Amino acid sequence: MAGSNALLEIKGLHAGIDGNQILKGIDLEIGPGEIHAIMGRNGSGKTTTANVIMGHPEFEVEKGEVILDGEDLLEMEAWERARAGVFLSFQYPQAVPGLQVGNFLRKSVSSIRGEEAAKGSIFREDLSKAMESLDVPRSFLARYVNDGFSGGEKKRFEILQLMLLKPKLAVLDETDSGLDIDGIRTVSEGINAAIRDSDSGALIITHYSRILEHINPDKVHVLMDGIIVSSGGPELATKLEEQGYEWLQQE
Amino acid sequence: MVENKEAREAVGDYKAGWHDPENSTIRFDFGLSEEVVREISSLKNEPAWMTEIRVKAFHHFMERPMPNWGNTSMLEEIDFDKICYYLRSSDATEKNWEDVPEDIRNTFDKLGIPEAEQKWLSGVTAQYESEAVYHSIRGDLEEQGVIFLDMDSGLREYPEIVKKWFCSVVPLTDNKFSALNTAVWSGGSFIYVPKGIKVEMPVQAYFRINAKNMGQFERTLIIADEGSSIHYVEGCTAPTYSTDSLHSAVVELIALPGAHIRYSTVQNWSSNVYNLVTKRGIAHENATIEWVDGNIGSKLTMKYPAVILKGEGSHAEVISVAYSGEGQHQDAGAKIHHLASNTTSKILSKSISKNGGRGSYRGMVTVSPKAENCKLNVVCDALILDESSRSDTYPTMEVSNPTARCEHEASVSKVSDEQLFYLMSRGHSEEEALAMIVNGFFEPFTRELPMEYAVELNQLMALEMEGSIG
């Protein structure tokens, strides 16, 4: 794919935290409507990649570029990136006691998609549809953001936000962890509905290939010690599931 | 961030920080003496017994030393000779909005009172300087026999009721500042709810200090007769001045058997005001008293809403929040005395400190030896927004009956970077994210308030959070 057509372009990204270099030169391109997966073991730099794309203030970028739709993300703060169209589904979503889910969703939609989208009937319709498809009860709206949520509820709530915020790029960090098989299917359907047949793209970060069976990524990348050591089609995920990461290390 | 800076400059450091030119009919010279106290009483044409109470209270105030606890160094800074003890800006108490003098009306316009009235109020008494200038009560309340007057009118029109209950909950020798209030009080609300009458809508009063160095000493007395109920809402906001002002109110509540009184306050004094208030209620058999108390501004607040559970089966609740910014100390809490059996109480206290502010919870719960099967629950949470701020807790429980069930929880938390990042990743600036966390922290309090107060408080906290980052 030509660089100018890419939705997300990451070039030579070196980044770390507290002086420790974790990403040692990442190159990645995601086109509109594409879903890519990054797989790798613990400590390979998967979550760092997600945090650096979203703009976590604790991570330092030494060099490289991260471009979304022609805009330089590295120049922006996290909330500006969100408004530019980046979404991160967190591995560990944070609780905010006292902040009601319904209010929070409306405020977030208003911040990111504009006041029009957060208005009464339009918002309510979007919300009902998304909640129904994710099997989330109405009572959810009166609860406090991630406060006392089970692991599965937290992940469903992340995908609910994805569906309402309609980002250009969704980064999903370990969204399958903490979900049972039905949960993975429901959440995968949500991701497919948000990305497939749209101009958006997604980057799925995962340990396991299970979620990928439902999503069927266009490309799979393997991250090892801060660099992408192998890229391929969905078959790469299957191979990793069967054979582990050993064979890649030997190559 | 530029837009926030501009917004801040446009709004000023303090949202309600305007003041109208003083337009006072009678104003005393600064300082206090027995003569001044007698003069206040005589100007108001009070009965002799009230004059005597005032004079006794004045002498007690003079003899009583400053409290030797709390923020003593801030207390020592109060110069009682530089305070004006009585000031009246309008001759008569008005009943119709149109009759209220224009500059005073402008002030209330800025505070949003008329709109508020349409939606929420069943009666308004708004304290401007020392006396209520505007007071209205809905016809149906009058028909029900509910008395809702400013305290001065209450004394004139219902002297026998006032005489019976005045100083019955807070005796004139209670503490230095309540003695001062008793000596020089002016304005405040007087409410009597007859037997069995349930007032559905909250009744509301607004207080503010307008004149520089103006002490405000309002006195409120609420009597809910058997089986009645009332929700009283008091909101305070004051303009900013460079010299210190003293606000020392006394509120007395009497809930007779089976009655229910809820008293809600949101105070937003400017950061030079000393807010030293005595609030106390007595709950008789099966009565309930609830204090919902929010302290946002002031230099030093010392306030511990109290309930004496005198009758069997009575219940007390105190929900309070305090916000302390730069140079501010909120020393707030609650006091509950279980004197009778099967009484229950709940205290929820939440404090936020920022920019070197200090929040203290000071609470006392006692259970007397004869009070069987009492239940008490105390929760205090503090949220500290930066390293320079401070929170402390001084809880006291004196339980003299072994059948009591006591629960106490306390927590201190900080806003985590991960929490902020999570909210920012949803398109909210750092200030907005912080305001969401702060308003969430206060939510158990805010949800108890009438809607417009809740909205106002959320906006106020969002304003406070601007510029607090970095």
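Two residues are in contact if their C-beta atoms, placed from the backbone, lie within 7 Å. The legends below describe close-up views of a predicted model.

**View 1. Contact between chain A and chain B.** The contact draws 20 residues from chain B and 21 residues from chain A. On the chain B side, the elements that give two or more residues are helix H11 (417-424) and helix H12 (430-446). H12(B) gives the most to this side, with eight residues. Sorted by class, the side of chain B that touches chain A holds nine nonpolar, seven polar and four charged residues.

**View 2. Helices H2 and H3 of chain B.** The axes of H2(B) (residues 34-43) and H3(B) (residues 48-63) come within 9 Å and cross at roughly 155°. Angles over 145 degrees count as roughly antiparallel, and H2(B) and H3(B) are therefore roughly antiparallel to each other. Their crossing is right-handed. H2(B) makes the contact through B:Glu34, B:Val37, B:Arg38 and B:Ser41, and H3(B) through B:Met50, B:Thr51, B:Arg54, B:Val55 and B:Phe58. By class, four nonpolar, two polar and three charged residues form the contact of H2(B) with H3(B).

**View 3. Helix H3 of chain A and its buried residues.** H3(A) (residues 101-113) has 13 residues and reaches 17 Å from its first C-alpha to its last, close to the 18 Å expected at 1.5 Å a residue. Buried in H3(A) are A:Val101, A:Phe104, A:Leu105, A:Arg106, A:Ser108, A:Val109 and A:Ile112. The buried residues of H3(A) pack against helix H2 (78-84), helix H4 (120-133) and helix H5 (151-165) of chain A. Just after H3(A), A:Gly114 has a positive phi of about 100°.

Notes
Residues numbered from 1 in each chain as written. Chains lettered and ligands numbered in written order. Predicted model: local features only at pLDDT ≥ 70, side-chain atom pairs only at ≥ 80, totals over all residues. Axes fitted to C-alpha atoms, helices over the stretch in contact; angles between N-to-C directions. Helix = DSSP H or I, 4+ residues; strand = E, 2+ residues; numbered from the N terminus. Parallel < 35°, antiparallel > 145°, perpendicular 65-115°, else oblique. Left-handed = near helix turned anticlockwise from the far one by under 90°. Nonpolar A, V, L, I, M, F, W, Y, C, P; charged D, E, K, R; others polar. Expected span 1.5 Å × (residues − 1). Buried ≥ 20, exposed ≤ 12 C-beta atoms within 10 Å, placed from the backbone.
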